[in-house]
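Please look over the sequence and the model shown here before reading on. The notes that come after them are meant for a reader new to this structure.

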Amino acid sequence: MSDPQPVYLSDYQPPAYQVTHTELTFDLDPAVTRVKARLLIERHAEAEASAPLVLNGEHLTLISLAIDDTPLAEAHYQLNDESLRIDNVPAAFSLESEVEIAPGSNTALEGLYQSNGMYCTQCEAEGFRRITFYPDRPDVMATFKVTVIGNATSEPVLLANGNPVDKGTLEGGRHFVTWEDPHPKPCYLFALVAGNLHKVEDHFVTMSGRDVSLQLWVEKENLDKTGHAMASLKRAMAWDEHTYGREYDLDLFMIVAVNDFNMGAMENKGLNIFNSAAVLTHPKTATDATFQNVEGIVAHEYFHNWSGNRVTCRDWFQLSLKEGFTVFRDQCFSADTNSAPVKRIQDVSFFCTAQFAEDAGPTAHPVRPDHFIEITNFYTLTIYEKGAEVVRMLCHLLGWEDFRRGADLYFDRFDGQAVTIEDFVGCMQEVSGADLQQFMRWYSQAGTPEIDARGEYDYVHSTYHLTLRQRTPVTPGQTDKLPLHIPVRMGLVGTKSGQDLALTLEGEKLGKDTVIHLREDEQTFVFTDVAEAPVPSLLRDFSAPVKLHFPYSREDLAFLLTYDSDGFNRWDAGQRLAMLALDDLIAAHRNGVEKVMDGRVVDAFRTLLTGQIDDKAVLAEMLTLPSEAYIAEQQPIVDVDAIHAAREFVRQSLAMELRDEFLATYQANCSDESYAPTPAQIAQRSLKNIALTYLMAVEDEQGVALCEAQFAADHNMTDVRHALTLLVHSDRDDLSTPALKAFGEKWAHDPLVMDQWFTIQVSRPQSDVLERVEYLMQHPAFSIQNPNKVRALVGAFAQNRVNFHRLDGKGYVLLADVVIKLNTLNPEIAARLITPLTRWQRFDEERQRLMREQLERIRKEPLSSNVFEVVEKALA
Ligand code: B3K
Ligand code: ZN
């Protein structure tokens with residue numbers, strides 16, 4: 001068999017045939033589901049009359065085929081594993097087909113499959129071709145009418161997109177429901193759900209006064225876990241009305257929770273399907289982080305109704321058109337609903353860890369890739385998160401008002417169409433008059449730009465010279481990088497006054513906080529009338545997705561930590577200060593020199609703990625040390641053990657030096673208020689729990705007692721999980737074993753809580769973790785076919801840096817074994833799971849050799865195109 005080949009953006013051709021209307025009938029059965037399709041098809045005005053009709057189709061058994069109800073003999077079409085080709089078709093006709101599929105044995109979770117006996121679908125990006133023969137591409141948009149036939153007892157509920165228009169009973173205990181979706185849509189937004197589901201109902205009155213019924217469908221035992229998702233949905237609907245002026249466009253909006261799902265959720269028109277982990281919450285089973293995550297994902301999928309569904313992508317290279325924009329929209333929604341600075345800190349800290357790593361590795365690609373083998377591999381942090389940063393920059397470049405006018409124009413002009421990133425940016429350019437030509441490079445150039453900044457204060461002339469130099473590192477397939485248009489938000493903080501100074505640049509007064517535009521390789525900005533020597537505060541609020549280097553002294557950073565008017569940069573200064581100390585300690589560890597704690601970090605933390613930061617959630621973030629993964633991103637060669645040792649040393653030193661402050665903080669933030677996921681309560685719990693982390697760092701009796709008491713009090717999952725993690729990650733088996741056992745027994749019936757139980761124990765630093773993973777893979781609550789379980793156990797293990805990167809290479813072998821198994825069961829998940837192995841260049845020679853060895857072992861298998869693409873890139 002030949003290797004899978006890439007498709008190229010430059011080869012895009014409009015479809016020769018459009019489907020204007022699609023009628024489907026599903027006769028459900030796990031082993032043999034019959035799918036009848038009737039497609040109304042028209043040849044494109046500009047297509048040749050001789051153009052063949054080519055439909056995608058995979059894993060389908062063709063039963064019959066007809067054109068305008070006249071059966072087609074085998075000689076009139078050509079069929080292979082991937083497509084169906086019919087020559088000499090009329091300019092307009094109907095195509096009738098009948099196929100059989102087997103949802104019960106579909107472990108890839110793409111197309112129609114079963115989860116816990118329930119039927120559900122996942123069609124984005126190219127799953128619809130596993131359901132019926134169809135032009136499976138987003139620029140073919142049709143109205144749909146769908147009839148679902150199922151068993152009245154096992155599938156009492158039969159759902160599809162749009163509005164129900166008919167239902168009835170049939171012979172043999174069967175029944176049917178017919179659904180109509182009046183909005184033309186690409187087939188990737190098609191959805192069907194059938195099973196024994198129960199609903200929670202609410203409603204929402206739109207800004208034009210329409211009453212929309214909202215339904216959340218779950219298995220019976222989860223009915224009490226739906227309240228937060230429903231409330232989040234209503235908040236999101238209201239937010240999109242007053243922020244973007246967009247209202248919902250059907251009479252019914254449904255969300256369904258399923259246990260087996262490759263991603264978080266899917267925005268199918270009117271029928272969003274969610275991974276149960278991304279929708280179900282209860283104070284006793286879900287943490288604050290999950291509550292916030294659910295709110296964000298519910299909003300994200302809802303926002304897609306406009307940014308993605310009403311206006312969709314012309315082809316999959318444009319994926320970030322809908323994903324980057326929609327992530328930006330959900331980030332703003334969460335910022336408006338919760339603590340805006342904390343939302344930004346959390347997003348950026350994740351971005352600088354995970355997206356920077358992707359951009360620096362062998363799978364780096366631009367926000368708009370120009371080729372791919374398997375589109376499923378491109379649902380990445382670059383497409384989603386960097387894409388969102390690019391939209392955020394656009395918004396800041398234009399200002400909110402012009403950005404909003406650009407969004408209005410985009411939604412109105414392209415409603416019901418499948419468009420490109422140029423169409424989106426074009427609207428922004430048209431309404432604002434801004435020249436966005438250079439800005440477009442953000443979409444085509446991969447890699448994280450780095451800015452080397454230097455500043456000099458001239459006392460004699462009261463000027464400040466700020467020089468910025470940009471470079472974007474070489475990435476696979478892209479050696480020549482052009483300068484980008486980088487907006488740098490900044491201020492100059494006076495060292496005497498501690499205040500932002502008034503900024504004058506080339507005679508123009510710019511206020512105290514401004515954006516300067518870096519467009520050349522190197523530019524010097526000369527600020528005049530600078531009354532006192534300043535410390536520059538650069539890239540405020542992370543105004544561009546770049547790495548900024550400035551030779552800050554520790555004194556500068558301690559100063560910014562206290563005086564910067566930008567909350568985000570205060571946090572960033574703290575992280576930079578901690579990083580300088582960590583760098584020293586990593587070097588000391590490597591050289592076998594005694595480690596000494598930097599007193600300036602201790603002082604900075606003491607100031608934080610005893611100072612006046614009002615936002616407790618921000619304070620909790622500032623007291624959190626950079627993660628091992630984040631530290632690793634800053635090192636040229638990752639020294640796993642030195643990073644772990646250095647970070648532990650800082651944690652313990654702070655814990656010892658500031659024990660009384662942490663204790664006071666803990667005690668001041670305990671509360672027995674009944675649980676609510678409100679910003680105020682979440683902030684208080686985060687602060688209390690970070691204090692407990694430090695108290696437990698040295699495992700003194702009082703810290704241990706507080707931790708055990710918090711676990712036993714069983715107040716809410718946030719507190720219980722935090723305490724359990726600290727107990728399980730301690731060196732004392734007498735703390736870890738009983739707590740794990742009690743928790744595991746108590747929650748054995750709840751798969752989402754058991755996922756947390758898996759993750760907590762395989763994230764511990766102790767050296768028994770690999771054996772635990774092997775043992776837990778045999779646990780009755782584990783299943784390799786369930787993506788949540790694989791992520792909770794194997795995925796979490798691969799994030800455990802000291803244990804995954806064991807020098808005997810067994811961590812890598814374990815991961816490769818699971819990848820090989822999943823390669824045939826679920827290629828999408830298999831390909832994602834390889835990621836940590838693809839980062840081999842970042843490690844020492846011995847680890848490089850061991851990691852490559854496993855990649856090569858995987859490469860020898862007969863591979864799915866998903867795994868093939870990732871492994872090829874990693875070994876290139
Ligand atoms: N659009 C979906 C992605 C699902 C693709 C899975 N292969 C989720 C989202 O971004 O909203
Ligand atoms: Zn999305």
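What follows is a short briefing on the two ligand sites.

This is a predicted model, in which local features need pLDDT of at least 70 and side-chain atom pairs count only at pLDDT 80 or more, while totals for chains, interfaces and linings use all residues. Residues are numbered from 1 along each chain as its sequence is written, chains are lettered from A and ligands numbered from 1 in the order in which they are written, and side-chain values use heavy atoms, with hydrogens and water left out.

**The zinc ion**

- The zinc ion (ligand 2) has His300 (NE2), His304 (NE2) and Glu323 (OE) as its protein donors, at 1.9 to 2.1 Å, where donors are N, O and S atoms within 2.8 Å of the metal (3.2 Å for Na, K and Ca), and water is not among the atoms, so sites may look incomplete.
- Along the sequence, these donor residues follow the spacing H-x3-H-x18-E.
- His300 counts as buried because its relative accessibility is 7%, and Glu323 does so at 1% (buried means under 20% relative accessible area, with a 1.4 Å probe and protein chains only).

**Ligand 1**

- Among the 14 residues around ligand 1, those that come nearest are Glu124, Glu267, Glu301, Glu323 and Tyr384 (a residue is near if one of its heavy atoms lies within 4 Å).
- A polar side-chain atom of Glu124 lies 2.6 Å from a nitrogen atom of ligand 1, and one of Glu267 lies 2.7 Å from a nitrogen atom of ligand 1.
- A polar side-chain atom of Glu301 lies 2.7 Å from an oxygen atom of ligand 1.

Terms used:
Buried < 20%, exposed > 50% of the residue type's maximum accessible area, 1.4 Å probe, protein only. Polar contact = N/O pair within 3.5 Å; in protein donor to acceptor, adjacent residues only side chain to side chain.
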